[in-house]
Amino acid sequence: MAHLHISSFAHLENMTAKEIRKSFTDFFASKGHHIVPSAPMVVKNDPTLMFTNAGMNQFKEIFLGNAPAKYPRVANSQKCLRVSGKHNDLEEVGHDTYHHTMFEMLGNWSFGDYFKAEAIAWAWEYLTEVLKLDTSRLYATVFEGDAKEGLEKDNEAAAIWAKFLPEDRIINGNKKDNFWEMGDTGPCGPCSEIHIDLRSDAERAKTPGVELVNNDHPQVVEIWNNVFMQFNRRSDGSLESLPARHVDTGMGFERLCMAIQGKQSNYDTDVFQPIITVIGSIAGVKYGDNEKTDIAMRVIADHIRTIAFSITDGQLPSNAKAGYVIRRILRRAVRYGYTFLNQRSAFMYKLIPVLIDSMGEAYPELKAQQSLVEKVIKEEEESFLRTLETGIRMLDKVITETKATKQTQVNGEIAFTLYDTYGFPLDLTELILRENGMTVNIDEFDVEMQKQKARARNAAAVETGDWVMLREGDSSFVGYDLLENDVEILRYRKVTQKKEELFQLVLDKTPFYGEMGGQSGDSGVLVSDTETIQIIDTKKENGLSIHICKKLPQDVTAAFKAVVNAEKRQAIENNHTATHLLHEALREVLGAHVEQKGSLVTADYLRFDFSHFQKVSNEELRAVERLANKKIRQNMPLEEEREMPIDEARKLGAMALFGEKYGEKVRVVKYGTSVEFCGGTHVSSTGQIGLVRIVAESSVAAGVRRLEAVTAEKAEVFVDEQQDQLREAKELFNNAPNLIATIKKTVEEAADLKKQVEQFAQERVGAIANELAAKAQDTNGVKVITYKAEIAADMVRGIASQLRGRFADEKFLLVIGAVANDKPSLTVAMSQPLVDAGFNATNIVREAAKEIDGNGGGQPFMATAGGKNPAGIDKAIAQAVALVK
């Protein structure tokens, strides 16, 4: 096949990132590879991954043998994210010049086609003949073998490299660096990395590059990894040969740009520099002038890409799972801007236009969702900035209280609470404490962190056994047409989680729908001549429908009838079809900007997230509901195309969802004018739904709203409950003819009565304060007042406030013991002169509260404690006074 030449690039060092990306795909297209688009960065239907962390993720089904390869040779540029688990690079990002959260991986794959000889030769050809990289700067590593695994050195790869490189630049690598594994189990094999030495000639002469390969040198870096998948790792740790050998390569796009453009850092390339320039303009700083501001700018430039692409792929920041990872990355960037660039208001959302200029051509979804991305980021920034301010106020209080006890070290548990509950980072806590001449107990913080990690590990720990293969064959889904089918078990395995033992089955022709696309999975039974097995759930995993049961059939080789729970399936289908009708109605009522951002379809209710930038009014919700119910009454039949070319589907007006991975052929679901790409199950005609009622509307994030609705029988129940509540309300008001007016009048009267009660309470507080002031006793130059009564906490505060005002210029102490609902409380208040004399209300109340089996806190001038022992209130009052005497 003819070599590819890039004639348009007169000077290769001037190649832009866009040109480099295109040169890669053009080269491998010339080698017979089918160029595929990047899969979404956010992973769905794979319990082992939250994010795409390598180019091969979208091909896992092929590597695992769960799906056939459509093309034997494939290449692409894949957006990836590495922040958690095995590939955790987050804390290094920004501090060095070559780690990133989001990065692009250029890759080429062979599925049972070519192997080591072609992969290595084409890698060399592309780097040295197309990109003209200096061959003297390149090194290759090969797997040195592993005696424990019974694996020999990869002599085949070494011999191929010997055609291109001298022996001293072909380096043996250990299992850690040169044996790639998908996970604890699954396809794996030796790999061969290509490294490049970007140092100056003087540095290269001083220290040979061979000594720096795989030693974390910022200018001697890996740029390409060729993985040769030829084994399968079993759950017992043993290896077996794969029936078909595959090639999986990945090249770091940002590092390649650094090498081509002659830079010493990924951040100096045109991938990042336009973003960094805008950050500098916003913050009024120049990149390269100060190490701390440089780190902050690199952190922000890296993280804005991750955040923006995650949102376009449908993952909004949240407090759970993948959403929490994105929120954590966003907050890390905000905190660096806050601490080192003095950014006290939202600023990151302003970087989206320059990001689109840089990457929008390769990834048009960025431009299509620009408004949503900006709004979500701005709201998240503002929310976290408020959290930072709250955390700083709380830390200031802790500093004051700690100093009052003559200590300089803050309890690590307090720092962890700030981190865990309020999102306040430890390093910012340390920075503020240093400015106050204080430290935090890191050991105590680490103990709490380890406790949290242990809880998370225990909650997520899953032991998965190997598949036990019973029969050869592929699994197919027949549930669009059938709810019962004769089936055989192809394979099974045991899974243990939270000490519960479950079994997962794969059937040959299953009517069970596996949870996917927001639709919950089917349940039902497997029936043989001798037993019935309950299927409690069905999941989709790497393209396979996994049927979950608590008990394994006694005879797994028997013939079974698979029977789906028809009532549950019908309820799910009602809700799924209703989401389509609501989606179309929302676009009709609110506008064409409405796009689905997520959904959940269960047997009980449906949840539908969509883009819209303000609360949906009650009138608009009613209009949406009426439109959807009108289409239900029209009893429109289901029209579907199960394998329609995607371009034809788009011409029909079918709506594709951002963040979803579509093949060249798609299933199209149509009810009248509602047309969507959808793999879920649906009613045969809309009349089966009966009725849809919207039960809630809320905000998910900036620019994203959520509807919750019920259908059919659940909708009837909802209407009945509403009518029952209305009937009861009428009865409470003696069946008043105008219920609303009657309720309004009652509310107004209650408000007036409340004001009267508050006024009376204020007068009572004033009267008590006057009585107590007159009884103040002078003890050693301190005016002391003690008071014991059954009064509410707000009255106690009012009395203390008034008396502190009266005795503001004197040394004054007030101790109030109150008992309300058999629960004692102790309040200590003092004037500023007494505080200045060295007394602290917080310390006093904590000590005295021991008499009521309680504890408390507050400020130096006023503190409160609650307790469990009302009988000790007199002793507590006396103890508080004695501590001042």
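## Two packed helices

Helix H24 (residues 841-848) packs against helix H25 (residues 873-884) with 9 Å between their axes and an angle of about 140°. An angle over 145° would count as roughly antiparallel, so this value makes H24 oblique to H25. The crossing of H24 past H25 is right-handed. This is a predicted model.

On the H24 side, the contact is made by Ile-844, Glu-847 and Ala-848. On the H25 side, they meet Ala-876, Gln-879, Ala-880, Leu-883 and Val-884. By type, the residues of this contact are 6 nonpolar, 1 polar and 1 charged.

## The sheet

An open sheet is built from 6 strands, in the order S31-S32-S33-S34-S36-S35, with mixed pairing. Strand S31 (777-779) and strand S35 (855-859) are the edge strands; each has a single partner strand, so one side of each has no neighbour in the sheet. From one strand to the next, the twist averages 20°.

S31 runs antiparallel to strand S32 (residues 782-789), and 3 bridges join the two. Gln-777 has Val-784 in S32 as its bridge partner.

## Helices on the sheet

Helix H22 (residues 793-806) lies across S32, strand S33 (812-820), strand S34 (823-830) and strand S36 (862-866). H22 runs at about 170° to S33. H25, described above for its packing with H24, also packs on the sheet, where it touches S32, S33 and S34. The direction of H25 makes about 165° with that of S33.

## Confidence

The average pLDDT of the chain is 90, and 97% of the residues score at least 70. Residues 1-11 have a pLDDT below 50; this stretch has 18 contacts in the model beyond near neighbours in sequence.

Key:
Residues are numbered from 1 along each chain as its sequence is written. This is a predicted model: local features need pLDDT of at least 70, side-chain atom pairs count only at pLDDT 80 or more; totals for chains, interfaces and linings use all residues. Side-chain values use heavy atoms; hydrogens and water are left out. pLDDT is the predictor's confidence in each residue, from 0 to 100. Contact means heavy atoms within 4.5 Å. Two strands pair if DSSP finds at least two bridges between them. Helices (H or I, at least four residues) and strands (E, at least two) are DSSP runs, numbered from the N terminus. Axes are lines fitted to C-alpha atoms, for helices over the stretch in contact, and angles run from 0 to 180 degrees between N-to-C directions. Angles under 35 degrees count as roughly parallel, over 145 as roughly antiparallel, 65 to 115 as roughly perpendicular and the rest as oblique. A crossing is left-handed if the near helix is turned anticlockwise from the far one by less than a right angle, and right-handed if clockwise. Ala, Val, Leu, Ile, Met, Phe, Trp, Tyr, Cys and Pro count as nonpolar, Asp, Glu, Lys and Arg as charged, and the others, Gly among them, as polar.
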